Amino acid sequence: MKSLKASQSVLSRADYQLEVLNNQSLAKKMFPDFAAKLTQAGLFPLKPTGIEIFQVNVGKMCNQTCKHCHVDAGPDRKEIMTRETMQQCLDVLSTHDIPIVDITGGAPEMNPNFRWFVEECNKLGKKIIVRCNLTIIVANPKYHDLPEFYRQHQVEVVSSLPFYNADRTDRQRGKGVFESSVQALKMLNQVGYGQEGSGLILNLVYNPAGAFLPATQASLEKQFKKALLDEFGIRFNQLYAITNMPVSRFLDFLLQSGNYEGYMEKLVNSFNPQAAAGVMCRNTLSVGWDGSLYDCDFNQMLELQVSAPTSTHIRQFNLNELNNRDIVLNQHCYGCTAGAGSSCGGNTA
Amino acid sequence: MQPTYYNPEDLKKFGSIGEFQKKLADKFFTYYGEVFAEGELSAREKSLIALAVSHAVQCPYCIDAYSVDAMEKGYTEAQMMEAVHVAAAIRGGATLVHGVQMMNKVKELSM
Ligand code: SF4
Ligand code: SF4
């Protein structure tokens with residue numbers, strides 16, 4: 001499968017996705033304005049609570065092309081963060097009290113400066129989270145030692161595994177992905193990840209393989225734990241249940257399959273003010289591969305930059321201005337506020 | 001007039017049955033809510049039972065609703081179809097076991 005960009009789909013354009021979400025093309029039905037919903041909940045304008053998580057998207061290159069990918073990542077994407085931009089991130093991290101660095105992509109490990117960046121963050125005493133797609137670990141011998149590298153740097157590994165069987169996982173992420181993921185999970189378990197008392201955290205991410213919402217995180221975690229342990233002897237710490245966002249390739253799927261209206265309706269009807277109060281953009285700042293700043297990874301893909309006039313790039317980082325910004329919202333935000341809520345760390349309510 | 005008796009859009013209007021008899025509808029929905037809450041059986045187990053029963057009573061609205069619910073609750077396609085077979089087996093068995101009644105009658109009437 002190719003990325004939307006490589007197949008020259010109009011949906012690869014952020015402005016076109018926003019046009020669909022705001023009903024100027026394709027979509028037949030308009031949904032209530034997200035900002036108006038937040039106003040009703042007394043949360044508008046949405047303000048940050050402070051920057052605790054510094055999320056860095058180090059590039060769109062990935063060994064997979066999952067059907068739901070909001071990044072439109074894939075082997076054909078060449079956008080990659082340079083060492084210079086990483087250094088600018090480190091400069092900010094060394095001079096500000098931001099405890100967590102969350103590294104994502106694409107497959108972040110494919111950035112040639114990835115390991116150096118992790119080492120430097122570790123030297124600064126930051127807690128490091130890496131969003132690992134699992135298959136990268138077994139994709140090429142040069143990545144086989146990643147579990148050991150993660151162990152040495154006390155990295156928290158967050159891995160996506162859409163389901164506990166091959167059928168549903170492979171339909172979403174590509175043929176053979178489940179088998180490779182199981183192999184990679186075993187390798188992580190072998191160095192101590194997910195094992196009680198090791199202090200090495202391995203969390204999994206579930207997201208529905210289609211146009212439906214996730215069930216409660218606790219019940220899914222129980223099923224995943226039992227299935228993975230019984231069948232493969234795999235252990236992990238927590239399961240994060242994440243809602244698919246109507247952005248990029250998942251938006252393309254919704255439109256192509258005729259599920260767009262129904263899915264948006266479901267998101268809107270499941271709006272939960274409590275979840276809205278806990279959305280991740282309130283304590284996260286997201287840095288793009290070129291150093292641009294965003295409220296979250298979704299806004300990044302929709303090219304909606306932070307509304308902080310003199311602090312839109314990492315080299316101009318101004319904490320005071322960023323802490324006082326209004327978070328940029330649009331209709332895709334309904335994905336974060338449906339039901340129990342959804343963020344990179346799972347449920348928000 | 002709509003061309004068929006069933007309209008998928010009507011599922012969303014289920015809650016509006018209270019318009020014609022609020023008191024009874026309210027009682028039903030309170031009961032319904034409690035039936036499907038976590039109890040001696042988990043909400044997840046109840047979802048699969050509901051999926052099977054919706055096939056047995058052949059309610060297209062319930063089949064629609066509980067197919068989604070079972071997917072959301074993490075059931076596999078194979079598990080969902082096995083639940084439908086359970087409903088089918090009970091229905092088939094229930095038909096056949098009445099054959100005994102038929103046999104009794106035939107034997108009673110026969111010389
Ligand atoms: S969802 Fe993750 S693993 Fe899949 S293509 Fe996107 S970045 Fe790669
Ligand atoms: S999509 Fe981004 S900006 Fe919108 S609510 Fe979610 S985290 Fe916040």
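**Note on a two-chain predicted model**

1. Start with helix α10 (residues 248-256) of chain A. In this helix, A:S248, A:R249, A:F250, A:L251, A:D252 and A:L254 are buried. Buried means under 20% relative accessible area, exposed means over 50%, and partly exposed lies in between (1.4 Å probe, protein chains only). Helices here are DSSP runs of H or I with at least four residues, strands are runs of E with at least two, and both are numbered from the N terminus. The cover over the buried residues of α10(A) includes α1 and α11 (260-269) of chain A. After α10(A) comes A:G258, with a positive phi near 75 degrees.

2. A word on the ground rules. This is a predicted model, in which local features need pLDDT of at least 70 and side-chain atom pairs count only at pLDDT 80 or more, while totals for chains, interfaces and linings use all residues. Residues are numbered from 1 along each chain as its sequence is written, chains are lettered from A and ligands numbered from 1 in the order in which they are written, and side-chain values use heavy atoms, with hydrogens and water left out.

3. Look next at A:Q17. This residue lies in helix α1 (residues 14-21) of chain A. Is A:Q17 buried or exposed? A:Q17 is buried, at a relative accessible area of 3%. Leaving aside residues up to four places away in sequence, A:Q17 touches A:L11, A:S12, A:V247, A:S248, A:L251 and A:L302. A contact means heavy atoms within 4.5 Å. Two of these partners, A:S248 and A:L251, are also listed among the buried residues of α10(A).

4. Now chain A as a whole. Its secondary structure comes to 15 helices and eight strands. The radius of gyration of chain A is 19 Å, close to the 20 Å that the globule rule gives for 349 residues, so chain A is as compact as a globular protein of that length. That radius is taken over C-alpha atoms, and the globule rule is 2.2 Å times the number of residues to the power 0.38. The C-alpha trace of chain A spans about 50 × 45 × 40 Å along its principal axes. Of its 349 residues, 60% are buried. Among contacts in chain A with a separation of 6 or more, 73% come from residues 24 or more positions apart.

5. A:K142 sits in the loop between α5 (135-139) and α6 (146-152) of chain A. It counts as exposed, at 54% relative accessibility. A:K142 and A:T49 are 93 residues apart along the chain, and their C-alpha atoms are separated by 40 Å.

6. Chain B is built from helices. There are five of them and zero strands. Along the sequence, the pattern of chain B reads α-α-α-α-α. The radius of gyration of chain B is 19 Å, well over the 13 Å that the globule rule gives for 111 residues, so chain B is more spread out than a compact globule. Its C-alpha trace spans about 60 × 35 × 35 Å along the principal axes. Of the 111 residues of chain B, 22% count as buried. Residues 24 or more positions apart supply 50% of the contacts in chain B with a separation of 6 or more.

7. How do the helices of chain B pack? Two packed helices are described by the angle between their axes and the distance between the axes. Axes are lines fitted to C-alpha atoms, for helices over the stretch in contact, and angles run from 0 to 180 degrees between N-to-C directions. Helix α3 (residues 43-56) and helix α5 (residues 77-109) of chain B pack at about 45 degrees, with axes 8 Å apart. The pair is therefore oblique. Angles under 35 degrees count as roughly parallel, over 145 as roughly antiparallel, 65 to 115 as roughly perpendicular and the rest as oblique.

8. Which residues of α3(B) and α5(B) meet? B:L48, B:L51, B:A52, B:H55 and B:A56 in α3(B) meet B:Q79, B:M80, B:A83, B:V84, B:A87 and B:R91 in α5(B). By class, this contact has eight nonpolar, two polar and one charged residues. Ala, Val, Leu, Ile, Met, Phe, Trp, Tyr, Cys and Pro count as nonpolar, Asp, Glu, Lys and Arg as charged, and the others, Gly among them, as polar.
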